[in-house]
Amino acid sequence: SKLIEGGKKRSHDDGDQEHQQQGQSKRRDRKDAQDQGKGREDQHIEGGAQGEHVGCSEGVDEVGKCSNEERKTRGRRGGRKGRVDDGVKAGREDRSSGEGVRVQGFYSDLLYQPWHCATADLQPEWLEVSNVDRRRNLSPAAFREEYELKNKPVVLVDGAAKWPALKKWSMESLEAAFAGKDIIAGNYPMPFPTYSAYAHNTIDEMPLYLFDKDFVTKAPQLAKDFSVPSVFNEDLFSVLGTSRPDYRWLIVGPARSGSSFHVDPNCTSAWNAVVRGSKKWIMFPPGAIPPGVHPSPDGADVATPVSVMEWFLNFYSAAREAKIPPLECVVGKGEVIFVPRGWWHACLNLETMTIAVTQNYVSSAIVLDVLRFIRPGRRDLIS
């Protein structure tokens, strides 16, 4: 993105009075500039992954948040250039004086887009489409024939309905379970209380996502609260024991957090069970690359929008009109979604706090595909 800055030059009348006061005005302007320069040393405009607060003319609290009403009135659609009106406060406020930096006539796509993605409302049309099969009491044999062999997604409505975790797990209970242990959020280790405080208060464009593969090792008692749904019991990677690739994760995140478009590693399939909250899923079949997503020729690297919200704001409409439209659904508490191998998928957490468990696996239905993927010896693609 280009940083586009604009400003209005102060205009002066040609009258005699202006000429007489010009010298005095310059001295005042120079002093004001010096004073402002000193003030700016302690100020900054928050940007990038920290979230933007430009566009809020009122209602900025002690941590730089905009009021909900201000966000609604200033929200815009798409990636257009935004303007910060005269008198806008940006950055953290000076808590000693109660005054912030005032920015006048300032234009920036670089700052506007992240702020817009962090404050725009979820659009109702994003949640209207539900074209993934929803099944109840599906037997392992029926699942294999109707979905696994056909490499077709499905939502198991009762897949995790009997998990004790549905009643036991909350942010408070997880904090107790991980007492004294760090969890991984956004690839950073941190205490669970630190992440919980962040997740409940963040207004970042792409909130940090708790994604921890060692959660059972850190909190063994959690293993008693969930189990692999019966249709996924066959997992040939289990024969590798402790040498198997990473395969199971605890996932926790606030609204607007989620996973950008990707294909699961090692040509595996996956299941994802929601314990609390709900997730919007959008999936494209193998070979159908989502709009706005640019994988490298070997698939090792993928360029995507910075956040899932940015993708929805800028590319969802195009996806719905694509030659191969996506499969979409919302998965709620106690439900499990099957993500077949090779499918591009992204998910967006919809509620204040969403908790889920996910696992990648290899069954006899896809083992030949997995072997073909591994045999070329591309260690950099195996995880």
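# Exercises on a predicted model

Four strands make up an open sheet in the order β11-β18-β13-β16, with antiparallel pairing. The model is predicted, so local features need pLDDT of at least 70 and side-chain atom pairs count only at pLDDT 80 or more, while totals for chains, interfaces and linings use all residues. Residues are numbered from 1 along each chain as its sequence is written, and side-chain values use heavy atoms, with hydrogens and water left out.

## Exercise 1: the sheet

Step 1. Strands are DSSP runs of E with at least two residues, helices are runs of H or I with at least four, and both are numbered from the N terminus. Two strands pair if DSSP finds at least two bridges between them.

Step 2. Three bridges join β11 (residues 258-262) to β18 in the antiparallel sense; Ser 259 has Cys 347 as its bridge partner in β18. Between β13 (residues 278-284) and β18 there are six bridges, again antiparallel, and Lys 279 stands opposite Asn 349.

Step 3. Buried means under 20% relative accessible area, exposed over 50%, and partly exposed in between (1.4 Å probe, protein chains only). In β18 (residues 344-349), six of six residues are buried.

## Exercise 2: helix α7

Find out how the buried residues of α7 are arranged around its axis.

Step 1. In α7 (residues 192-201), the buried residues are Phe 192, Tyr 195, Ser 196 and Ala 199.

Step 2. Seen down the axis, they fall within an arc of 100°, so they line one face of the helix. The arc is that of the directions from the helix axis to the C-beta atoms.

Step 3. The general rule is that an α-helix has 3.6 residues a turn, so residues three or four places apart point the same way.

Step 4. Contact means heavy atoms within 4.5 Å. The buried residues of α7 pack against several elements, including α6 (171-177), β10 (248-254) and β19 (353-361).

## Exercise 3: two aromatic pairs

Classify the ring pair Tyr 112 and Trp 115, then the pair Phe 211 and Trp 249.

Step 1. Rings of Phe, Tyr and Trp (its six-membered ring) pair if their centres lie within 6.5 Å; planes under 30 degrees apart count as stacked, over 60 as edge-to-face and the rest as tilted. The whole structure holds 20 aromatic pairs.

Step 2. For Tyr 112 and Trp 115, the centres are 5.7 Å apart and the planes are at 45°, so the pair is tilted. Both residues belong to helix α3 (residues 109-119), three residues apart, about one turn of the helix, and both are buried.

Step 3. Phe 211 and Trp 249 are also a tilted pair, with 5.7 Å centre to centre and 35° between the planes. Phe 211 is in β9 and Trp 249 in β10, so the pair ties together parts that are 38 residues apart in sequence.

Step 4. Phe 211 has 34% relative accessibility and therefore counts as partly exposed. Trp 249, at 12%, counts as buried.
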